Structures are given as structure tokens and as C-alpha cells.
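My notes follow in the order I took them.

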Amino acid sequence: MIGSSVYEPSTSASWRVALPHTTAAVPVARALVRTALAEREHAADRHTAELLTAELVANAVEHTSGRHPIELVVELLPTGCQVEVHDADPEPPGDLTRPPRGEPDPWQEHGRGLLLIRALSSSCGHRPTESGKAVWFRLPAMPRQRRPD
């Protein structure tokens with residue numbers, strides 16, 4: 001359909017948005033991902049995408065210096081979506097691609113973000129950038145009959 005806002009599986013789209021280096025960036029990032037997936041009627045799980053995006057943005061805000069904004073990059077692909085969060089700290093984000101030794105302490109408020117990202121994404125990682133690093137995750141497109149409401 002020409003001029004339709006329905007997501008076509010053969011098309012791609014991407015967004016790049018600078019966010020403030022504050023906790024206020026977390027709900028903004030969630031809303032941006034939710035809106036991007038909904039407007040394009042993309043087949044990736046919106047709830048998981050929002051949750052994992054919130055974890056990446058919260059980690060960037062908490063574990064990097066506040067002088068520079070962070071950047072959210074959302075890429076919608078025919079096979080799924082990829083979300084990246086860029087920050088100015090070149091230090092890798094803990095051990096994102098390998099499970100930690102032992103279980104997380106159930107009494108601690110922190111320490112589960114990377115575990116969630118590893119467990120719920122189809123792949124995840126980090127890479128250096130010219131101004132720091134990008135931490136990312138991918139979610140696959142889901143068949144229409146398996147999508148949550």
C-alpha cells in the first residue's frame with residue numbers, strides 16, 4: 001500500500017537521538033523505542049525492547065561521567081531490531097557477553113541489568129566508538145501469531 005504507515009518487512013529504518021545524561025533519559029528512551037516499534041508496526045517484542053533499552057540507558061547514566069550526553073540509536077531491520085546506547089566512556093560495560101560467576105545477590109538493588117540483556121536478547125555486545133563506546137542488543141522479529149498484545 002503506497003503511503004501506508006504499516007511496517008513492510010523488506011524495509012529498514014533508523015533513529016539517532018541525543019539524551020541528557022540524567023535518569024530522566026530512561027523513560028524518554030523507553031518511549032522512543034515503543035513509539036518507533038508501534039509506528040512502524042515492527043515485529044520485535046516491544047515490551048522486551050523497552051525493558052532492555054531502559055537497562056542500557058540506566059547503565060550509561062549510572063556508570064559514566066555526566067559531562068556528555070548519551071545517544072540512543074534504534075535500527076529496525078526486516079529480521080528484527082537493534083538498539084545501541086553510546087556514551088563517552090571507552091571502558092567496556094562489565095562482562096556483557098559472558099555470565100558472571102555465581103547468582104546475583106537477591107538483596108541487592110543493582111546487578112541484574114546485564115543479566116537481563118544477555119538472557120532476553122538474541123545477541124548483545126559492545127564496541128569502541130570515536131568518542132567512547134556503544135553497547136547494543138538485538139531482538140528478532142516475531143511471527144505475528146506469537147506476539148504479545
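Two packed helices are described by the angle between their axes and the distance between the axes. I also remind myself that this is a predicted model.

**Entry 1: H2 against H3**

I started with H2 and helix H3, residues 113–120. Their axes are 9 Å apart, and the packing angle is about 145°. I noted the H2–H3 crossing as left-handed.

Which residues of H2 meet H3? I listed Thr 48, Leu 51, Leu 52, Glu 55, Leu 56 and Asn 59. On the H3 side I found Gly 113, Leu 114, Leu 116, Ile 117 and Leu 120. Sorted by class, the residues of this H2–H3 contact come out as seven nonpolar, three polar and one charged.

**Entry 2: H1 against H2**

Next I looked at helix H1, residues 25–39, beside H2. The two axes come within 9 Å and cross at roughly 150°. Angles over 145 degrees count as roughly antiparallel, so H1 is roughly antiparallel to H2. I wrote down the H1–H2 crossing as right-handed.

From H1, the contact takes in Ala 25, Val 26, Ala 29, Arg 30, Val 33, Arg 34, Leu 37 and Ala 38. H2 answers with Arg 46, Ala 49, Glu 50, Leu 51, Thr 53, Ala 54, Val 57 and Ala 58. My class tally for H1 with H2 is eleven nonpolar, one polar and four charged residues.

**Entry 3: two residues of H2**

I picked Glu 50, which sits in helix H2, residues 46–63. Is Glu 50 buried or exposed? Its relative accessible area is 7%, and under 20% means buried, so Glu 50 is buried. Beyond four places in sequence, I see Glu 50 in contact with Arg 30, Val 33 and Arg 34.

Val 57 is also in H2. I got 0% relative accessibility for Val 57, so it counts as buried. Setting aside residues up to four places away in sequence, Val 57 touches Ala 25, Val 26, Ala 29, Ile 70 and Val 85. I also checked Val 57 against Val 28: they are 29 residues apart in sequence and 9.8 Å apart in space, C-alpha to C-alpha.

**Entry 4: two loop residues**

Where is Glu 41? I found Glu 41 in the loop between H1 and H2. Most residues other than glycine have a negative phi. Glu 41 has a positive phi of about 45° although it is not a glycine. At 34% relative accessibility, I put Glu 41 down as partly exposed.

Arg 67 lies in the loop between H2 and strand E2, 70–77. Its relative accessibility is 69%, so Arg 67 counts as exposed. I compared Arg 67 with Pro 20: they are 47 residues apart in sequence, yet 9.6 Å apart in space, C-alpha to C-alpha.

I checked confidence last. The chain has a mean pLDDT of 83, and 77% of its residues reach 70 or more. Over residues 1–9 the pLDDT is below 50, and this stretch has eleven contacts in the model beyond near neighbours in sequence. Where pLDDT is low, the predicted coordinates should not be read in detail.

Definitions and conventions
Residues are numbered from 1 along each chain as its sequence is written. This is a predicted model: local features need pLDDT of at least 70, side-chain atom pairs count only at pLDDT 80 or more; totals for chains, interfaces and linings use all residues. Side-chain values use heavy atoms; hydrogens and water are left out. Helices (H or I, at least four residues) and strands (E, at least two) are DSSP runs, numbered from the N terminus. Buried means under 20% relative accessible area, exposed over 50%, partly exposed in between (1.4 Å probe, protein chains only). Contact means heavy atoms within 4.5 Å. Axes are lines fitted to C-alpha atoms, for helices over the stretch in contact, and angles run from 0 to 180 degrees between N-to-C directions. Angles under 35 degrees count as roughly parallel, over 145 as roughly antiparallel, 65 to 115 as roughly perpendicular and the rest as oblique. A crossing is left-handed if the near helix is turned anticlockwise from the far one by less than a right angle, and right-handed if clockwise. Ala, Val, Leu, Ile, Met, Phe, Trp, Tyr, Cys and Pro count as nonpolar, Asp, Glu, Lys and Arg as charged, and the others, Gly among them, as polar. pLDDT is the predictor's confidence in each residue, from 0 to 100.
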